[in-house]
Amino acid sequence: MASELMSNEIALLAIFLLSVFVGFEVVSKVSTTLHTPLMSGANAIHGVILVGAIVVADHAETNLELGLALAAVILATINMVGGFVVTDRMLQMFKGKPKVKKDAGDNK
Amino acid sequence: MSRNLYDLIGLAAGICFILALKGLSSPKSARRGNLIGAVGATIATIIVFFYANDGKALNNQTLILAAIAFGVLVGVPAARKVQMTQMPQLVALFNGVGGGAAALVAIVEYLKLGDGATTAEVVATVFTVIVGCVSFSGSIITFMKLQELMTTRPVIFPFGRQVIALTLVGVLASGGWVISSGGSTPLLVNGLLSLLFGVLFVLPVGGADVPIVISLLNAFTGLTVAASGYVLQTTLLIVAGTLVGASGTILTRLMAEAMGRSLFGTLFGAFTAKAQASTGAVDARPVKSGSADDVAILLNYAQRVVIVPGFGLAVAQAQHTVRELADLLASKGVEVAYGIHPVAGRMPGHMNVLLAEANVPYEQLVEMEEINPTFPQTDVVLVVGANDVVNPAAKTTPGCPIYGMPILDVALAGNVIFLKRSMRPGFAGIENELLYEAKTTLLFGDAKDSLTKVVSALKAL
């Protein structure tokens, strides 16, 4: 039993460490232009705490727990949904601009 | 369906997040990357309804769905309606509520586990509560600073260093108290002290460093999500939270580098900040202010014009007007480029977003390293609502808040025109010597109004 618990902990530790390296790696080269959208996108991703909020709202036993959990659900939803929408709005403005220009040039 | 299947689907969501961050790091795939992230988050949210209560409908399901609906009703309109200028503070706010959510999740789980919690779970809970609360209250303060609900200057109070250090000791001590004795009172004390620390931590940060702090708090929130994932034994939360924590840390460092700031100096500004010798009285030296016609004439006879946009452009929503002016000049044979400082505006990339909205051709947006060598061959620099990013004090005045930040060397150009609302110093609150130079002309007023006048004056020439 104890060893089973331990191996679970180690699996979680492995997941944690690998995620650290992946996180470092994916953004190591990014132009300043994209810093803001990237931050905003990462911000939306941690809105996935919504999953945790739903789980604790399901488990809640007292009214206090339920109240806090539902507050967490609301806040997490705002973070997640709002975050993705606002990032998309930022990125919409980059869409296809250089390409349109190049096409116009080719036609001349 | 078995729990294993849901775990696999959760893994897919985790991969979506990795692809999302990867996509967001390159201009071509950025929008797709964001959509992939949204898909991953949606999948993760839907499947939790199937497995959280072992396949049965969730307890409190109606309330949960109502809470989600309420969150959507608040979040989506806020994100859709926000002005481009206010985007940075909205991101700060979203980040803050995420940190708050993570702290609440950990608190609820802690209350439920009661005495049954393992030490590791309690440690993770304390970590989540501390960092989540700091992220929450700190983000609220950055929001208020950016929204100018409070002063944008560093707030320094007497014995600030001691108060902050003492609060930090209190946070750690109360954290230790929770771990050693358990119970809800220590956790409450710990949470409140953490909230206080978040406020004190951000207050002394000067305006120009606020974006770095937002990015850092964003990384913090990621780590709290990872820690609450450990408490809940949910792999997906660990993956997503850690990804954001790690990439956010790198991003914070990149931003600090782009601004020429030491990350350490920014973070521990609270401990090192000294009250600046405030000049107090408004400088009474004469400046040369001109009319729209003067500006139009200068521009009309220039060979090369560089436009340096700043926050004032964003405030005035003048991006379309500035493009009109640039097009008009180009049609008169003037070479026009935009000099984009990496942190012009209130966030890195702010100006790129704004000018892209006005369909300014991508190749006219020139980054700082490339535009700086061209200033000596530039006849006129038109500074539209920018100040700190062209302030020579960053090179000449050691000890000023922006010292060491790379700037656009507009002083090397033949003439400099500032479109400004007033003589008020920039966001960082530092006097700009360039305003008093002989080659400088000032045109006071709202950037959009001024630009419109210049355009019509130019047409009349």
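Which domains does the domain assignment of chain B give?

**View 1. Domains of chain B in the predicted model.** The assignment for chain B lists domain 1 as residues 3–272 and domain 2 as residues 292–460. Taken over C-alpha atoms, the centres of domain 1 of chain B and domain 2 of chain B are separated by 36 Å.

**View 2. Confidence along chain B.** Chain B has a mean pLDDT of 85, and 92% of its residues reach 70 or more. Residues 270–282 of chain B have pLDDT below 50. For the model, ipTM is 0.85 and pTM is 0.78.

**View 3. The contact between chain A and chain B.** Chain A contributes 74 residues to the contact, and chain B contributes 96 residues. On the side of chain A that touches chain B, at least two residues come from each of α1 (2–26), α2 (35–45), α3 (49–59), α4 (63–92) and α5 (97–107) of chain A. The largest share of that side is supplied by α4(A), with 26 residues. Sorted by class, the side of chain A that touches chain B comprises 47 nonpolar, 19 polar and 8 charged residues.

**View 4. Surroundings of B:Leu104.** B:Leu104 sits in helix α4 of chain B, which covers residues 87–113. Leaving out residues up to four places away in sequence, B:Leu104 touches A:Leu68, A:Ala71 and A:Ala72. B:Leu104 counts as buried because it has 31 C-beta neighbours inside 10 Å, where the cut-off for a buried residue is 20 or more. B:Ser228 lies 124 residues from B:Leu104 in sequence, and the C-alpha to C-alpha distance between B:Leu104 and B:Ser228 is 9.7 Å.

**View 5. Helix α14 of chain B and the residue B:Gly333.** Helix α14 of chain B spans residues 319–331 and has 13 residues. From its first C-alpha to its last, α14 of chain B reaches 18 Å, close to the 18 Å expected at 1.5 Å a residue. Which residues of α14(B) are buried? They are B:Gln319, B:Thr321, B:Val322, B:Arg323, B:Leu325, B:Ala326 and B:Leu329. B:Gly333 follows α14(B) and has a positive phi, near 90°.

Notes: Residues numbered from 1 in each chain as written. Chains lettered and ligands numbered in written order. Predicted model: local features only at pLDDT ≥ 70, side-chain atom pairs only at ≥ 80, totals over all residues. Contact = placed C-beta atoms within 7 Å. Helix = DSSP H or I, 4+ residues; strand = E, 2+ residues; numbered from the N terminus. Nonpolar A, V, L, I, M, F, W, Y, C, P; charged D, E, K, R; others polar. Expected span 1.5 Å × (residues − 1). Buried ≥ 20, exposed ≤ 12 C-beta atoms within 10 Å, placed from the backbone. Domains from an automatic or database assignment. pLDDT = per-residue confidence, 0-100.
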